[in-house]
Amino acid sequence: MTPADLSRTVLHAVHRAVQDGVLSAPVPERVSVERPRPGGRGDYATNVALRLAGPAGQPPRAVAETLRARIVDDSRIASVEITGPGFLNITLRAGAQQALVRRVLEQGIRYGHRDGQDDQRDPRPLLAVPPVQGEGDLRARLWAQSVQRLRATQGFGQEFVAETGSLDASGPDVPYDDETRWAMLSVAAHDHPRPPAHFLPQREDNPLFQVRYAHSRARALTRNAAALGFVGVPDEQVDTPLAQLVEDHPAVLASAARLGAPDRLARHLEATADALLDFQHCVLPLGDEKPMAAHRSRLALAEAAGTVLAGGLSLLGISAPVHL
């Protein structure tokens, strides 16, 4: 269950409460869910009850109780707890991670794309693409091309050009090398990029190399597992930060698209690559150890992370070699 899925579930609970006549308040266009802050509980938290309390003329905790009773109806949710003045803390049912990994492996590099479904779009307006610093027209063109790709993943076609008023990717898509693209797209628009040559060395302090290397390692794990006679199957929960980064990918694409900020995607790819390179060492059996369900589940998660890296790089116009 992705944050977008959970957001829709909570929004549906608000709709039901209004339709049932127990909540008299305007239904918001979207509901924000986020990871609990330090000391918080559950997998996700939302402050929607606090937002609706004033218009509804009810105490926040009363609104939270109304919504809690409707959110727990979702079979993917294990529990909903109310904390503080009326925060809803949501714990997902076991198996959610396995379902997520299956979804990534089924959708491939299109994981996180909304495929033109208007009802899934972020209702907030697209922001104008910010002017970029350094390298003149070259960086501006690469930036605009990447933003076009990102916004296409969220179901926006050419109509967004008029909305933003500043997106210009005209001209041929010259096949700039991967190092140039990463240099121009991986830092915020208001920052000056490093020279592309900085991203040529194959070493750990080169983030482009790390991202592409992590992708190639994920593919190598698949080949090595096949030689050992097993494939990736998400049978069990895997306790690793990598799972959260894979789950966050759709939200990162949506944010990068709305803000016109491909650098957000680049930073997410860096974090995913670092987590995957740390995780890779526990994927395959060691010594005389036989492949077990845990190994199959870890491999499936590593493959999902590799898919995220490949898809993200493609949106930046950068190749993802299988061998590196």
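Select R16 and D73 to begin. In this predicted model, their side chains form a salt bridge, with N and O 3.0 Å apart. Now colour the elements these two residues belong to. R16 sits in helix 1 (residues 3–19), while D73 sits in the loop between helix 3 (60–71) and strand 2, so the pair ties together parts that are 57 residues apart in sequence. Show the surface around R16: the residue is partly exposed, with a relative accessible area of 25%.

Next, stay with helix 3 and select E65 and R68. These two residues also form a salt bridge, and their closest N and O atoms are 3.5 Å apart. Here both partners lie in helix 3, three residues apart, which is about one turn of the helix.

For another salt bridge, select D235 and R296, whose side chains meet at 3.6 Å, N to O. D235 is in the loop between helix 8 (207–228) and helix 9 (241–259), and R296 is in helix 11 (residues 293–315), so this pair ties together parts that are 61 residues apart in sequence. D235 has a relative accessible area of 38% and is partly exposed. R296, at 26% relative accessibility, is partly exposed too. How many salt bridges does a search of the whole structure find? The search finds nine, including the R16–D73 pair, the E65–R68 pair and the D235–R296 pair.

The last stop is the second largest pocket. Select R35, D43, Q97, Q237 and E247, which lie nearest its centre among the 17 residues of the lining. Helix 4 (96–107) and helix 9 are the elements that give two or more residues to this lining. The pocket has a volume of about 310 Å³. Colour the lining by class to see eight nonpolar, four polar and five charged residues.

Note on methods. Residues are numbered from 1 along each chain as its sequence is written. This is a predicted model: local features need pLDDT of at least 70, side-chain atom pairs count only at pLDDT 80 or more; totals for chains, interfaces and linings use all residues. Side-chain values use heavy atoms; hydrogens and water are left out. A salt bridge is a side-chain nitrogen of Lys or Arg within 4 Å of a carboxyl oxygen of Asp or Glu. Helices (H or I, at least four residues) and strands (E, at least two) are DSSP runs, numbered from the N terminus. Buried means under 20% relative accessible area, exposed over 50%, partly exposed in between (1.4 Å probe, protein chains only). On a 1 Å grid over the protein atoms alone, a cavity is a set of points where a 1.4 Å probe fits but cannot get out, and a pocket is an open set with protein on both sides within 12 Å along at least five of seven lines; lining residues have an atom within 4 Å of a point. Grid points are joined across faces, edges and corners, and a volume is the space filled by probe spheres set on the points. Ala, Val, Leu, Ile, Met, Phe, Trp, Tyr, Cys and Pro count as nonpolar, Asp, Glu, Lys and Arg as charged, and the others, Gly among them, as polar.
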